[in-house]
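Please read the following report alongside the sequence and the coordinates, taking each part in turn and finding the named residues as they come up.

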Amino acid sequence: MNPILDTASSDETEVLPFARHHAFIIGIDAYQQVSPLKTAVSDARKLAEVLTNMQHFQVYPPLLNPTGQTVRTLLHETLAQTVGPDDRVLFYFAGHGIARDGDDGPAGYLVPADADPAVLTTFIPMSELQDALQALPCRHLLLILDCCFSGAFKWSSQTRAIGTLMPKRIYKERFDRFIEDQAWQVIASAAYDQKAMDVLQGRATGDRGVVATTASDLHSPFAQALFDGLAGDADARTDREGDGVITATELYSYVRDRVEPETIEAGQSLRQTPGFFPLRKHDKGEFIFLHPHHRLNLPPRPSRSPYKGLESFDESDRLLFYGRDRVVHELQAVAATARLVVVSGASGTGKSSVVKAGLLPLLREAGFHILPVIRPGVRPLEVLEQALAGAGGPDEPKAVLIVDQFEELITRCASDAERQAFTARLRQVVGDEARIHRVIITVRSDFEPQLSGGDLKDAWRAGRYTVPPFTLEELKEVVLMPTIQEVLIFDPPELVDEIVGEVVQSPGALPLLSYALNELYEAYRVSGREDRALRQTDFERLGGVMGALRSRADSLYQSLPPAQQATMRKILLRMVSVEGELASRRVSMTDLDYSSEENPRVQEVVERLVEARLVVKGHDYIEPAHDALVRAWKTLHDWIHQVGRDTLMLGERLDPEADQFARTGDRTLLWNKNPNLAVAARVLTRPDHGFNAKEVAFIRKSVARNRRRTRIAWYITAATVLALAVLSLWALIERGTAQLNAEQAENEKDRALRSLFSGLQLNMEAGQPGSVCAHGLCDAAPPGDEDDQAWLSIGRLPDNMPDSFGETPVSRDFAAARQFGQGHVFVYAHDGLTQDSEITPGSDNLGFAENALRWLTPLTEEEGCTEEKTSIVLWEGTYVRAGQLEQVRNFIVRRGWTLQVTSPETLEADLRCSEVLWYLSDWNPPPDFATRHVPAIEAFVRAGGGLLVGGLGWSFEQQSGPGGTAATTPYAADELGEPFGFTFTGDAFTSDPGKPITLMPGK
């Protein structure tokens, strides 16, 4: 037995512990009744030489130009008599092959030298070859077919392709597993419908093609690639050095990447695509070759989790980064031509990981200088200039600049001027070809409309790439491949499908998946077991993918004493961004300065959050480990609803201005006429407010300054009035003060209206949305209401949302609002929008209702009403009842409000000390609705009340009335809208629940 040679002079039985290494080789050129070949015999001889001298196989004398009987003797007698259970076998065939239609797909045949084209029985069915090999007792077998239509063997073996799921680095333990487990694999030179063709100097040369070598031998292009691969070229490199191992998967990948591009270059009709698939006895092993001129370089497996949890992948994590080969390849193609590469996608799709762990290593290997990855932060221009300082001069390698989480330009930078300066400077950088090779940015897709214009517009469009959702196979790779690399198993194997099944229909769930898998590994680690098995029992104990994150966060929260629970709530709410969809935001440690009593608790809670891997701590900041914490933790969602999106958005706007005031002391920064000041002052009176010390000081100083300015304005007004007429003094002061207060209140409400609904995502699971026609938006205002600006569109239906009835829509305004007298009106065209069935995960339907009610609530109480709680009066709809609005009722109760169902008989009394009337579509109103109830509601609003109306005119008009009756009576919601200037249209729109309607900006 020949020893296997390598630089370490390892003994063959130690490295590859098989009793014998058999190679059986067939090559046929001299066909008697079909066209001869030129290279098959020389290929067989050359392979025998390579396997003998480089791979140290026991090569049996090659069968050159054998007859069918000789081949069958080899298959059914020689193999069975020679191969033992501790052996491994390589079987090679080079010659003609054919494929015919069979019952279960293409039926392939090998063509011996004496085959008669007219007699099919003189051919050797690939199924016969499969049965003969399958009967062997050996643990490892590799079949290599270099013939036309060789891919048809896949149907003979009744298996599917196994792809190229090889770990990026092979550790010693994985190498041992490859050898111990069954490895029965097939490499075919062509697909089932392809000839094994190639070219020589641009000319087609025959059925298998020829390639001239330096030794003047002729070999098929597939065979030549095979020889080169076995000589060491197929040894995949990790970092700078190969590991000395050539697996069958690596050998196939190398041959495919050599053969297919060369044949495509010669002409699409000559394309030859090698295939790779298992035999039925294959398990988890790999047929192994050793590099003939390289030491065996197999490090021991590391003691680490193969999953990143909620953290994104970095460039150093490339060996654990799987499932995104397709995306990285496509992104690489974009980066080859575009100066600015914009990597866009929803939160949780892995944008940052694709760039840092996928694209950047390729660019670095290509010789480019990768600048440190930056994020815009609070002062983006300063951060950008610091990064560019490391770009070097024109003589140095061109630099690549990466701006991660580009949306921070909006969520963290408060200065419009700085944002504009940053984008202008970045546009200069994109054009600086002498120093900068590429600029790559990642951005959440919901922020693109606000960021893709201006200086970057053209470059943005040219280099934009949207990260697609994971396919089922890619998700399986994400779950499975890290365990294959790190020598772990799933117990049972079906657990992989169960885990993937939980997230396959949940775009953006990748961080949750990674977190759950990391927790599953942690459960194995702390168990003390050494079986390397990730078990289903542990997965079930975690509560599955979604339960893992919630369980960890809830467990930590419940373990804290009440004071620290309040601190944890305060910290996490500060790390929530409600601009657009819910997402995380980075928080500076200086923003967690509250008071001498609170600060020690803050430090302790932060450390607990970091230990639990729920929060990441930098040198001067903390942030949620991923948006998934914000999006999936129900307790945090409850806190958000209790506080309200508007209050959180107020905090986001207040924070940078308070920070700038604290740093500069510039009193002109204090809020004066800012409509948010009154709201902030009210929030500050609550004991559970989340403002830090800087923000508290800013609010109090702003309020004090505002009061002083108001007193000064009052004194000036009083002096002027005294100079004009003493008798009219008090009347003018009273009128001026009332007008000033009214203007400030309305300015505040108008600004709040825009902020409350900006970016909300509404889902339509049942029914179809309609539209509302408000005077001044879709038609002229009626006499007596000439202000075309009275109505503000809160949201319009997308232009690509078709009308269900195929007609030109009267209007696409989905929701609109206006002031009316001293009160306000808000209408929306989907009466069931806030039913429990519509409030689905990821939708903002509940927030829509809450914000509408908040905005409609008067700023002042009606005289004679002493009830402290805000009262919401509900006029139920025909198909929307109070019992279907439990989630709405819950948030109303949490806010300290009350919800009272009214009736036509009690409406006037119920409105007496109420703040808002919520009217839903009533298709069977009382007879005196237009003459009695509408005037009462109009008077209620004119006096300062709020009116919220949900309706669908199209459903009444197009689908008849209640109980199937014809729609002959007026639609009550339109009767109610007459004094206010709105009607519901006859339009219905086809809604896709997967594409929510985004509110604001409106028309």
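Predicted model: local features only at pLDDT ≥ 70, side-chain atom pairs only at ≥ 80, totals over all residues.

A disulfide is a covalent bond between the sulfur atoms of two cysteines. In this model the count comes to one disulfide, and the pair that forms it is Cys 773 and Cys 778, whose sulfur atoms are 1.8 Å apart. The torsion about the S-S bond of Cys 773 and Cys 778 is about 80 degrees, and the disulfide is therefore right-handed. The two partners can also be described by their accessibility: Cys 773 counts as buried because its relative accessibility is 7%, whereas Cys 778, with a relative accessible area of 27%, is partly exposed. The table sets these two beside two further cysteines.

| Residue | Relative accessible area | Class |
|---|---|---|
| Cys 773 | 7% | buried |
| Cys 778 | 27% | partly exposed |
| Cys 138 | 1% | buried |
| Cys 413 | 3% | buried |

The next topic is a sheet. Strands of a sheet pair through backbone hydrogen bonds, either parallel or antiparallel. Here five strands form an open sheet with parallel pairing, and their order is S20-S21-S22-S19-S23. At the edges are strand S20 (369–370) and strand S23 (464–466), each of which pairs on one side only. Within this order, strand S19 (residues 340–345) runs parallel to strand S22 (residues 436–444), and six bridges join them; in one of these strands, S22, Val 443 is the bridge partner of Ser 344.

How many cavities of 30 Å³ or more does the structure hold? There is one cavity of 30 Å³ or more, and the volume of the largest cavity is about 40 Å³. The residues that line the largest cavity are Ile 640, His 641, Gly 644, Arg 645, Gly 847, Glu 850 and Asn 851. Helix H24 (634–643) and helix H29 (845–856) are the elements that give two or more residues to this lining, and H29 supplies the largest share, three residues. Sorted by class, the lining of the largest cavity has one nonpolar, four polar and two charged residues.

Some backbone details remain. Most residues other than glycine have a negative phi, and most peptide bonds are trans. Against that background, Asp 491 and Pro 492 are joined by a cis peptide bond, with omega about 0 degrees, and Pro 492 has its place in the loop between strand S24 (489–491) and helix H17 (495–503). Asn 65, although it is not a glycine, has a positive phi of about 55 degrees; this residue lies in the loop between strand S3 (63–64) and helix H3 (68–82), where Asn 65 is partly exposed, its relative accessible area being 30%. Phe 149 is not a glycine either, yet its phi is positive, at about 60 degrees, and Phe 149 is found in the loop between strand S8 (140–146) and helix H5 (153–157).

How values were computed
Residues numbered from 1 in each chain as written. Heavy atoms only, no water. Disulfide = S-S within 2.5 Å. Buried < 20%, exposed > 50% of the residue type's maximum accessible area, 1.4 Å probe, protein only. 1 Å grid on protein atoms, 1.4 Å probe; cavity = no way out; pocket = protein on both sides within 12 Å on 5 of 7 lines; lining within 4 Å. Points joined across faces, edges and corners; volume = space filled by probe spheres on them. Helix = DSSP H or I, 4+ residues; strand = E, 2+ residues; numbered from the N terminus. Nonpolar A, V, L, I, M, F, W, Y, C, P; charged D, E, K, R; others polar. Pairing = 2+ DSSP bridges.
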